[in-house]
Number of protein chains: 2
Amino acid sequence: MQAMEFDLIARIRDRAGGRADVVLGIGDDAALLQPPPGAQLALSMDTLNAGVHFPTSTAPADIGWKALAVNLSDLAAMGAEPAWCTLSLSLPGADAGFVDGFLDGFLALAQEHSVALVGGDTTRGPLSVCVAVHGFVATGAALRRDGAREGDDVWVTGHLGDAAAALAAMGAGAVSDRALRARLDRPTPRIAAGRALAGLAHACIDVSDGLLADLGHICRASGVGARIELAALPASPALARFAAALRWPWQACGGDDYELCFTAPREARDAVAQVLAQAATAASRIGRITAGQDVVAVDDRGEPWPTSRGGYAHFA
Amino acid sequence: MQAMEFDLIARIRDRAGGRADVVLGIGDDAALLQPPPGAQLALSMDTLNAGVHFPTSTAPADIGWKALAVNLSDLAAMGAEPAWCTLSLSLPGADAGFVDGFLDGFLALAQEHSVALVGGDTTRGPLSVCVAVHGFVATGAALRRDGAREGDDVWVTGHLGDAAAALAAMGAGAVSDRALRARLDRPTPRIAAGRALAGLAHACIDVSDGLLADLGHICRASGVGARIELAALPASPALARFAAALRWPWQACGGDDYELCFTAPREARDAVAQVLAQAATAASRIGRITAGQDVVAVDDRGEPWPTSRGGYAHFA
């Protein structure tokens, strides 16, 4: 491949972390990696484009963090242990300052999860970041979308709606609450929670397109429906302060939360609470899996919430 | 991740090939893959941006072919056997016709090498394609850049300069020769040659930035120099016809050839010729590895070729 600037690659290589299972990292035609015996490989790749997946005003370090976080969130949703990543960075020009800032955020999160950056490229083009992540999961233990069963509780980690609130504030020209903006720019991939739930939860997905849309994917893959109690959706103090009237739309249909939505049998409630406490991850039961194929959200009086707000019926 | 259009993903999933070692392909948060026991994983990722890595007039099927080809070429340069790939496609709009055409080219090449498309995403943004490829190589058998030794022959597969000639013709507003344009749009990844050379060649790289620049990477990594005989550089009949006077600059410094440049000991000449004949891949000896650190190209009288034309001394 035609690389943009060799000294940008050197900048990245000099700071990329290592692991014992990385035989050959950045600097050859391909990386050489040694998978552990007996494990399956979980692999995800996602692109973030400027102005589409992050506001153009986002700080380079936050772009770096988020580009890795959204990918690690996919591994979390499979219950996988992260190991390696590759990074393809398209930049309008050879901006070493941007790359340094980007790496500050990217590598801080990589280090937190012992992820080695083993390859990729830097090319000229509109600002865009493509990341692929690789993790391990014991054979048969992966959390998939197709295992939800009627009667399962529906859970979600953390809280929902902060990122949508931050985006809405920016769209209105308002200054975002700092805590909301941090949730938009620096989502927390729920790696520990995902690994704790492997073998316990029936189905799992990360909430990136909005809770109802993403739960719709679980329901479609599993051939079931779901009923969600809006009043049970966990909200941060910042969201509750910010605009209580818009809480439900943001929580139910907003994107970019990167929490895990999962289903588990009623008998596993105590076990779920226990493993997530060990994983230092808050979680809430927010509804249950039903027969049929509809994802229904009800308000605090049990009345169906008008679907016109979200358009999520499209995905159910 | 926020996907652009779910029906685009469905279009891709419906056509992606399978393999026995793909436990779970497109459609969950991550793919699940079963690496073979004892093998190392070779991993490469490259992005192609419109107007930078391919002319904006390129047909969708050719963009698809090339996006996979440049990545498979990296695996070829490691001597690896391709297995899986992921695709992240950024498009200005949900253009199903473009996606169908793109897949025609991408999947034709994938099928040729038994590569399964296991994941990725489609997002909104300027036209850009990021592909990651995964292959297997026996432990210790990978072709690296750092193994060249003084006295090695320098070889190159196929012929050089066609892609640069096609680009130059387009830049001049001329109609490219069809054969030259095909070499620009549909490069052939030298997978069979790379696998045949594993354990035999000392060092290998694919020629994407220009022969002298890429050989410079081998020399720098190996702590050696090289002397290249320009008159020995293999040229296609189309190139010889097209513009003989520009043959050497295009061959020595043009990019996008995706041939393999490799070094091997003199005693291995017959063995190299034999395994490449079995791999149905032409190859030429074009020079030798020297002491020192300079990459020198000489003309047919043995005189050094002016380095100002290529600027490749920067890379040596």
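Q: Buried area is the accessible area (1.4 Å probe) that two parts lose on being put together, summed over both. What is the area buried between chain A and chain B?
A: About 5200 Å². Carbon and sulfur atoms give 55% of that area.

Q: What kind of model is this, and how is it numbered?
A: This is a predicted model: local features need pLDDT of at least 70, side-chain atom pairs count only at pLDDT 80 or more, and totals for chains, interfaces and linings use all residues. Residues are numbered from 1 along each chain as its sequence is written, chains are lettered from A and ligands numbered from 1 in the order in which they are written, and side-chain values use heavy atoms, with hydrogens and water left out.

Q: OK. How many residues touch across the two chains?
A: In chain A, 64 residues are in contact with 63 residues of chain B. Contact means heavy atoms within 4.5 Å.

Q: Which polar links are there between chain A and chain B?
A: There are 25 residue pairs in polar contact, both residues at pLDDT 80 or more. A polar contact is a pair of N or O atoms within 3.5 Å; within protein, one must be able to donate a hydrogen and the other to accept it, and residues adjacent in sequence count only if both atoms are side-chain atoms.

Q: Which element gives the largest share of chain A's side?
A: S3(A), with 11 residues. Helices (H or I, at least four residues) and strands (E, at least two) are DSSP runs, numbered from the N terminus.

Q: And how do the residues on that side divide?
A: Into 35 nonpolar, 18 polar and 11 charged. Ala, Val, Leu, Ile, Met, Phe, Trp, Tyr, Cys and Pro count as nonpolar, Asp, Glu, Lys and Arg as charged, and the others, Gly among them, as polar.

Q: How many salt bridges join chain A and chain B?
A: The count is 4. A salt bridge puts a side-chain nitrogen of Lys or Arg within 4 Å of a carboxyl oxygen of Asp or Glu. Over all chains, the search finds 31.

Q: Which partner does Arg145(B) have?
A: Asp29(A), at 3.4 Å from N to O. Arg145(B) sits in the loop between S6 and S7 of chain B, and Asp29(A) in the loop between S1 and S2 of chain A, so the pair joins two chains. Asp29(B) also forms a salt bridge with Arg145(A), again with 3.4 Å between the closest N and O atoms.

Q: New topic. Which strand of chain B does S2(A) pair with?
A: S3(B), in the antiparallel sense over 3 bridges. Pairing takes at least two DSSP bridges between two strands. Leu32(A) stands opposite Ala42(B).
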